[in-house]
Amino acid sequence: MILCDTHADTLYRIACDKPENLDVTMKRLEEGGVSLQVLAMFVGEDDNPSHIEKRFEAMLAAYETLKAQGWKQAFDPSEAEEGVVKTMLSIEGCEVFAPGLHTISHYREKGVRMAAVTWNYENALGIPACVNEDQGLKPYGLEAVKEMQRLKIAVDLSHLNIAGFYDILNKTFAPPLASHSCCRKLRDHPRNLTDQQLKDLFKAGGYIGLNFYPAFLVEECQPCTLNTLVDHIDHMHQLGGEGMVGFGSDFDGISSKPEGLDNPADFPKLIDALRARGYSQKHLEGIAGLSLLEYYERIG
Ligand SMILES: [Zn+2]
């Protein structure tokens with residue numbers, strides 16, 4: 001089975017934070033049967049352009065070190081193979097694209113195939129959901145999104161607000177994805193997508209990777225188990241998401257985990273929980289990874 005995960009903050013942890021006790025290690029990716037792990041380059045809240053550039057250099061250098069240790073880079077999800085771990089670069093927070101459209105092709109050449117318009121701060125492109133929901137993409141944001149789409153970079157809606165979400169859906173030409181988000185109906189949090197957003201995302205041929213962070217999955221103080229994740233996937237399917245839903249763990253970026261899902265080695269337990277809920281082998285293969293590959297065919 002090809003298994004893909006559309007979000008982990010491992011490069012940021014190694015290059016800019018605390019590199020010990022990482023969730024994502026090659027051994028665990030192998031144990032969990034992960035075929036494609038997307039590794040985000042994360043900006044954070046510092047919008048000083050020279051700091052951002054230094055941070056990206058550090059994360060790219062960390063990636064080169066991993067590759068020297070044998071980690072493989074995929075430049076397209078179609079390179080995913082069963083039984084082989086590959087990684088692919090993404091960007092979380094497009095502050096790095098603020099200096100001009102040329103920066104987008106620069107990172108595309110490095111292998112970046114997914115980019116989240118914002119993290120939790122307003123930037124040159126748009127406004128995140130935690131700031132407000134009604135201010136759409138900035139004119140440069142719209143231009144930058146179109147340039148990403150031209151270069152076959154998946155435009156990532158996770159963290160973006162609702163008005164920005166609809167600007168991308170209504171004013172640009174390729175379906176976006178949400179690399180690490182959950183259902184707002186099941187957990188009322190601005191990081192999650194409303195039912196209407198999910199329906200419209202699926203109608204547009206988009207994709208969503210389910211975030212594993214308990215704070216996005218259950219209301220405060222409620223237990224979070226593998227079944228909670230299955231509930232969110234069920235809900236997405238009820239809204240038309242069959243063939244457009246997968247995993248976006250957020251490993252190395254989250255401070256707590258669902259019971260039984262500590263790191264990538266536990267992915268088989270999540271597949272088992274989905275199987276126990278009645279998902280067919282074909283559905284399981286889609287959710288595990290094939291649906292992401294199909295999404296990239298739609299934008300390519
Ligand atoms: Zn995030």
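Student: How many bridges join β2 to β4?
Tutor: Seven, and strand β4 (residues 86–92) runs parallel to β2. Strands here are DSSP runs of E with at least two residues, helices are runs of H or I with at least four, and both are numbered from the N terminus. Two strands pair if DSSP finds at least two bridges between them.

Student: OK, what is Gln-37's bridge partner in β4?
Tutor: Thr-87. By the way, this is a predicted model, where local features need pLDDT of at least 70 and side-chain atom pairs count only at pLDDT 80 or more, while totals for chains, interfaces and linings use all residues. Residues are numbered from 1 along each chain as its sequence is written.

Student: And how many bridges join β1 to β2?
Tutor: Two, and β1 (residues 4–5) also runs parallel to β2. Cys-4 has Leu-36 as its bridge partner in β2.

Student: Is β2 mostly covered or mostly open?
Tutor: Mostly covered, since seven of its seven residues are buried. Buried takes 20 or more other C-beta atoms within 10 Å of a residue's own, exposed 12 or fewer, and partly exposed is in between, with C-beta atoms placed from the backbone.

Student: Which residues sit on which side?
Tutor: Leu-36, Val-38, Ala-40 and Phe-42 are on one side, with Gln-37, Leu-39 and Met-41 on the other. In a regular strand the side chains alternate between the two faces of the sheet.

Student: New topic: where's Arg-187?
Tutor: Arg-187 is in the loop between β7 (177–181) and α7 (195–203).

Student: Buried or exposed?
Tutor: Buried, because 23 other C-beta atoms lie within 10 Å. Its C-alpha atom is separated by 5.6 Å from that of Leu-217, 30 residues apart along the chain.

Student: Last one: which residues of α10 are buried?
Tutor: In helix α10 (residues 267–276), they are Phe-267, Leu-270, Ile-271, Ala-273 and Leu-274. Seen down the helix axis, they fall within an arc of 160°, so they line one face of α10. That arc covers the directions from the helix axis to the C-beta atoms.

Student: What's on the other side?
Tutor: Asp-272 and Ala-276 are exposed there.
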